[in-house]
Amino acid sequence: MIDHAIFDPAKTDPDAERLNREIIAAQAQAPDPWSMPVAEVRERRRRGSLAYPAMPHSARAETITIPGPGGPLTLRVIRPQRKARGAYLHIHSGGWVWGGSDEQDPWLERIAERCGFVCVSVEYRLAPEHPYPAPIDDCEAAALWLHREGRALFGVEALTIGGESVGAHLSVMTLLRLRDRHGLRKAFRGANLFSGLYDLGVTASARNWGEERLVLNSTDIRRFADGFVPEGVARRSPDVSPLYADLAGLPPALFSVGTRDPLLDDTLFMSMRWAAANNGGYTSVYTGGCHVFIRYDIAMTQRALELIERFLMALA
């Protein structure tokens with residue numbers, strides 16, 4: 001049961017509301033990302049800003065290269081400092097256009113230490129240079145490698161998957177590919193899906209958000225979809241929009257989203273379809289949370305990360 005009171009703006013955490021105002025003000029003063037070459041936006045993102053803080057790199061991270069559908073595929077690995085209990089396949093955010101596997105090391109270090117999981121982040125190919133199906137192909141290849149070879153390499157059996165924003169989208173698409181193409185319904189025991197984008201036709205909350213940019217806005221969401229989906233592919237095809245897929249036989253999932261996220265509907269709709277498919281899991285909605293608010297140092301972030309860790313540990 002979801003208590004409708006969580007959507008009351010008056011119940012927003014003061015720190016979250018302050019953060020939201022700061023992000024909106026900072027992004028209003030920044031150049032429009034769509035007015036710049038994609039390479040420049042990627043570099044700006046790597047450097048970080050108030051609206052998108054850069055995260056420090058882990059000194060423990062290593063890279064593994066495996067065969068991929070488009071050539072060698074890089075996986076960024078952070079191992080726990082004790083015997084591993086499982087593995088977490090992480091898929092990064094960035095609208096399929098920006099981002100990289102090395103931009104969220106602190107989250108992965110934390111999961112490695114607190115959950116005892118080997119964290120493996122996929123350096124999938126980016127749009128618009130590599131649109132659909134390339135990013136999904138790469139994530140599928142990484143998941144198959146982890147299931148077939150990675151478990152022995154890391155000495156684990158329990159596999160989990162997850163990501164933020166389009167990383168959540170790619171996580172679900174990967175699970176669907178494993179089920180439909182390889183007959184692997186239970187290869188992964190659970191999915192951590194944070195602020196996902198599941199309908200490339202764009203849900204009402206994303207359409208109605210408008211141009212105010214709180215991490216992202218309606219234009220950003222449409223432009224991301226434009227870059228990812230080539231001409232001739234229906235935006236609401238289950239091949240690209242998992243909200244419209246048959247979800248039967250997928251593992252339990254933890255869905256997380258803030259009420260100040262343009263993609264709020266995506267999580268609410270997808271989590272209910274997941275529940276209706278009898279897959280199990282939980283949905284956690286955070287009053288006043290912006291898109292992927294766990295990137296910011298506020299109390300709400302700690303609550304969300306702790307819930308993610310409890311969910312993952314219960315799967316090992």
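## A strand covered on both faces

Strand E5 has both faces covered: Ala-158, Thr-160, Gly-162 and Glu-164 are buried on one side, and Leu-159, Ile-161 and Gly-163 are buried on the other. Buried means under 20% relative accessible area, exposed means over 50%, and partly exposed lies in between, with a 1.4 Å probe and protein chains only. In a regular strand the side chains alternate between the two faces of the sheet. E5 spans residues 158-164, and seven of the seven are buried, so the strand is largely enclosed by the rest of the structure.

This is a predicted model, in which local features need pLDDT of at least 70 and side-chain atom pairs count only at pLDDT 80 or more, while totals for chains, interfaces and linings use all residues. Residues are numbered from 1 along each chain as its sequence is written, and side-chain values use heavy atoms, with hydrogens and water left out.

## The sheet around E5

E5 belongs to an open sheet of eight strands. The order is E1-E2-E4-E3-E5-E6-E7-E8, and the pairing is mixed. Strand E1 (62-68) and strand E8 (281-286) stand at the edges with a single partner strand each, so one side of each has no neighbour in the sheet. Neighbouring strands are turned by 20° against each other on average, direction ignored. Two strands pair if DSSP finds at least two bridges between them. Strands (E, at least two residues) and helices (H or I, at least four) are DSSP runs, numbered from the N terminus.

Which strands does E5 pair with? Strand E3 (residues 86-91) runs parallel to E5, joined by six bridges. Tyr-88 has Thr-160 of E5 as its bridge partner. E6 also runs parallel to E5, and five bridges join them. Here Gly-162 stands opposite Asn-192 in E6.

## From E6 to E7, with a helix across

The sheet continues from E6 to E7. Strand E6 (residues 190-194) and strand E7 (residues 253-258) run parallel, joined by four bridges. Leu-193 has Phe-255 in E7 as its bridge partner. Helix H8 (residues 264-276) lies across E6, E7 and E8. H8 runs at about 155° to E7. Axes are lines fitted to C-alpha atoms, for helices over the stretch in contact, and angles run from 0 to 180 degrees between N-to-C directions.

Helix H5 covers residues 166-182. At 1.5 Å a residue its 17 residues should span 24 Å, and its end C-alpha atoms are 23 Å apart, which agrees. The expected span is 1.5 Å times one less than the number of residues. H5 is mostly covered, with 14 of its 17 residues buried. Gly-183 follows H5 and has a positive phi, near 65°.

Helix H4 (residues 134-154) packs against H5 at an angle of about 65°, with the axes 9 Å apart. H4 and H5 are therefore roughly perpendicular to each other. Angles of 65 to 115 degrees count as roughly perpendicular, under 35 as roughly parallel, over 145 as roughly antiparallel and the rest as oblique. Residues making the contact include Pro-135, Ile-136 and Ala-143 of H4, and Leu-170, Met-173 and His-182 of H5. Contact means heavy atoms within 4.5 Å.

## Two buried helix residues

Leu-19 is found in helix H1 (residues 14-29). Leu-19 is buried, with a relative accessible area of 7%. Leaving out residues up to four places away in sequence, Leu-19 touches Tyr-296 and Ile-298. Leu-19 and Gly-289 are 270 residues apart along the chain, yet their C-alpha atoms are separated by 9.3 Å.

Asp-220 is found in helix H7 (residues 218-228). Asp-220 counts as buried, at 3% relative accessibility. Beyond residues up to four places away in sequence, Asp-220 touches Pro-33, Trp-34, Arg-213 and Val-215.

## Two exposed loop residues

Is His-57 buried or exposed? At 51% relative accessibility, His-57 counts as exposed. His-57 lies in the loop between helix H2 (38-47) and E1. Leaving aside neighbours within four places in sequence, His-57 is in contact with Arg-76, Asp-102 and Asp-105.

Asp-297 lies in the loop between E8 and helix H9 (299-313). Asp-297 counts as exposed, at 74% relative accessibility. Asp-297 and Ala-316 are 19 residues apart in sequence and 28 Å apart in space, C-alpha to C-alpha.
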